[in-house]
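Please walk me through the salt bridges in this structure.

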Amino acid sequence: MSGDDAAGSAKRDPAELIRQVASGDRVAFAELFVLLAPRIKAYLVRLGSDPASAEDLAQDVMISVWRKAPQFDPSRASAMTWAFVIARNRRIDSLRREDSAVTYGHVPPDVEAETLLADDIVAGLQGDARMREAIDELPADQQEVIRRSFFEDEPHSAIAVALNLPLGTVKSRLRIAFTKLRSRMKDFQ
Amino acid sequence: MTNPQIAGETPTPRHHPSPETLASFAAGTMRSGFDVVMSAHLQACAECRAEVAQFEQLGGHLITEIDPVALSESALAATLARLEEPSRPPPPRTAGGLDQLLSGARRRWVAPGVWAARVDTPSHHDDRVFLLRVAPGATTARHTHAGAEFTQVLEGALDDDGVIYRAGDFVELGEERTHHPKVHGSDACLCLFATEGRLVPTDLIGRIAFAIANV
Ligand SMILES: [Zn+2]
């Protein structure tokens with residue numbers, strides 16, 4: 001890295017970085033790595049990966065980001081959503097490779113890797129801002145179960161243990177939270 | 001007999017997975033095997049595809065907000081050095097997608113007018129993913145399941161406690177329950193099921209049928 005643009009580098013738009021990575025720009029990739037890899041590692045650790053495996057897998061995810069950058073379409077998904085889907089799918093692939101008893105979270109066999117399911121919604125940055133608004137409006141306990149449902153393996157029982165709640169309460173709280181979130185997102189459309 | 005096919009976009013499904021179930025699919029935390037039934041519904045339902053995409057957006061938001069965990073100092077250099085290495089072959093996905101997965105399932109006749117076929121997909125040891133085709137007039141065994149059960153109606157219609165589910169519809173049962181779904185109308189009904197734990201038929205005919213079909 002040249003270093004002479006250090007002041008601006010932290011603020012570069014990830015979508016713009018991915019576009020540059022798509023044309024083989026390793027400097028842009030390094031910036032993207034600094035932005036994404038620690039978040040991906042944190043995500044994997046939250047889901048129960050030990051730190052060493054999470055570190056390896058985060059690097060694998062970044063290599064996928066490098067390879068798949070030409071397919072990134074900012075009109076369909078924000079950079080962070082795109083990165084999330086890649087990380088999610090790599091995690092599932094690694095669970096499958098281990099062929100262990102852990103069989104949560106397989107993607108369906110016919111969904112192309114990293115193809116977002118959005119056919120007919122306008123996503124992208126605008127959508128992300130709406131999502132942030134929608135989730136911020138929820139009561140704290142509902143935000144908490146939503147967050148945990150993305151970041152726990154076997155989420156329902158894990159949430160029940162972590163929050164010392166009966167399983168039925170966890171399920172109904174999740175239903176209420178996601179139903180509210182969904183209706184808030186619909187209002188925005 | 002035609003191979004089972006996933007219902008197309010019409011008619012528009014009227015019964016959908018719950019929001020938390022759509023979210024768990026987007027989060028990648030859905031119990032494996034159940035995701036196959038879910039993806040059958042998504043093929044038939046644009047509305048749920050859009051919702052899953054929104055929940056993927058939620059995932060993007062959540063990893064933006066997460067407290068980062070630093071990688072080792074050598075991680076970036078190590079990754080840069082690997083950028084040009086040939087890609088590892090992806091783990092085996094089922095070639096040909098869901099339709100092929102379903103048509104490859106071996107059918108066993110379990111009663112006149114009824115066949116079942118285990119679907120070969122990664123799943124928890126005791127969980128079952130299977131197709132069940134029931135001719136009009138035939139009836140499914142009354143059964144109890146230990147936990148969740150997902151059903152996607154692929155052809156025909158199903159009557160479960162007076163609620164009619166048609167091709168494209170999704171039935172989500174979250175709790176232990178004994179029920180006795182029947183074929184509705186004059187056409188055969190073909191459904192894709194995932195059950196948490198083995199089904200427990202509560203009558204003798206059902207026990208024999210389920211034993212034969214190994215479901
Ligand atoms: Zn639907």
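Buried means under 20% relative accessible area, exposed means over 50%, and partly exposed lies in between (1.4 Å probe, protein chains only). This is a predicted model, in which local features need pLDDT of at least 70, side-chain atom pairs count only at pLDDT 80 or more, and totals for chains, interfaces and linings use all residues. Residues are numbered from 1 along each chain as its sequence is written, chains are lettered from A in the order in which they are written, and side-chain values use heavy atoms, without hydrogens and water.

Side chains of opposite charge can pair when their charged atoms come close. A salt bridge here is a side-chain nitrogen of Lys or Arg within 4 Å of a carboxyl oxygen of Asp or Glu. Over all chains, the count is 15 salt bridges.

Start with Asp141(A) and Arg173(A). Their closest N and O atoms are 3.7 Å apart, in a salt bridge. The pair links distant parts of the chain: Asp141(A) sits in helix α7 (residues 140–151) of chain A and Arg173(A) in helix α9 (residues 167–188) of chain A, 32 residues apart. Helices are DSSP runs (H or I, at least four residues), numbered from the N terminus. Asp141(A) is partly exposed at 36% relative accessibility. Arg173(A) is partly exposed too, at 21%.

Next comes a pair within one helix. Arg19(A) and Glu16(A) both lie in helix α2 (residues 14–22) of chain A, 3 residues apart, about one turn of the helix. Their salt bridge has its closest N and O atoms 3.0 Å apart. Arg19(A) is exposed at 53%, while Glu16(A) is partly exposed at 29%.

Now turn to chain B. Glu85(B) forms a salt bridge with Arg82(B), with closest N and O atoms 3.3 Å apart. A network of salt bridges links Asp60(A), Arg82(B) and Glu85(B).

Terms used
Helix = DSSP H or I, 4+ residues; strand = E, 2+ residues; numbered from the N terminus.
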